[in-house]
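Welcome! Please take a look at the model below, and then let us walk through it together.

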Amino acid sequence: MTGVCVNQSPATAGTISTLPYERLAALGITLPASPPPIANFVTHVQEGNMLYLSGQGPREADGFMHVGKVGAEVDVEAAYRHARVTGINLLSVMHEALGDLSRVKRVVKLLGMVNAVPDFLDHPAVINGCSDLLIDVFGEEVGPHARSAVGFGSLPGNITVEIEAIVALRD
């Protein structure tokens, strides 16, 4: 594959950005098949040039699901890794929906939900696992996004994190 130019600023004019797949390979990440929905919904909806991704959880490629309460049996570092796994699952859904991650014009918004004990205060540090990954994969022009990182008393199946995304697409 060859690189493509994206949203060049005067400082980067003339440079070619690396394709998301090359960045994934450099990170040692192979996208698994996207996880199937766990209830009566679809993994994504495309409306015009926007892609809305349903919440994904920290399911490993082998099907193992990370569970537990953050701030109790799960620490911030482990939950950060779980959010990163969740980001990989979001990328898998994007890839299957679009056929090519290079169609992503901008990661617009994430909603990160953390299954946390009531006095847990570090939700943003957990969801950074997904945010950092998306910036690493899409770069500084496409990856940065608006975001909410909030705590919940429970999540489906006692998963540690759930993250949904909104993505703008190239025409």
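Leu 90 counts as buried because its relative accessibility is 0%, where buried means under 20% relative accessible area, exposed over 50%, and partly exposed in between (1.4 Å probe, protein chains only). You will find Leu 90 in helix H2; helices (H or I, at least four residues) and strands (E, at least two) are DSSP runs, numbered from the N terminus.

This is a predicted model, in which local features need pLDDT of at least 70, side-chain atom pairs count only at pLDDT 80 or more, and totals for chains, interfaces and linings use all residues. Residues are numbered from 1 along each chain as its sequence is written, and side-chain values use heavy atoms, with hydrogens and water left out.

What does Leu 90 contact, leaving aside its neighbours within four places in sequence? The list is Leu 53, Ser 54, Gln 56, Cys 130, Ile 163 and Ala 165, with contact meaning heavy atoms within 4.5 Å. Leu 90 and Cys 130 are 40 residues apart along the chain, and their C-alpha atoms are separated by 9.1 Å.

Now for the sheet. Its five strands form an open sheet with mixed pairing, in the order E1-E2-E5-E3-E4; two strands pair if DSSP finds at least two bridges between them. At the edges are strand E1 (44–47) and strand E4 (146–152), each pairing on one side only. From one strand to the next, the twist averages 10°. Strands E2 (residues 50–56) and E5 (residues 161–169) run antiparallel and are joined by five bridges, and Met 50 stands opposite Ala 168 in E5.

Axes are lines fitted to C-alpha atoms, for helices over the stretch in contact, and angles run from 0 to 180 degrees between N-to-C directions.

| Helix | Lies across | Angle |
|---|---|---|
| H2 (residues 76–98) | E1, E2, E3 (104–115) and E5 | about 140° to E2 |
| H3 (residues 123–142) | E3, E4 and E5 | about 170° to E3 |

Is Ala 33 buried or exposed? Ala 33 counts as exposed, because its relative accessibility is 62%. Ala 33 is found in the loop between helix H1 (20–26) and E1. Leaving aside neighbours within four places in sequence, Ala 33 is in contact with Ser 92 and Glu 96. The C-alpha atoms of Ala 33 and Asn 89 are separated by 8.2 Å, although these residues are 56 apart along the chain.

Finally, Val 45 has its place in strand E1 and is partly exposed, with a relative accessible area of 44%.
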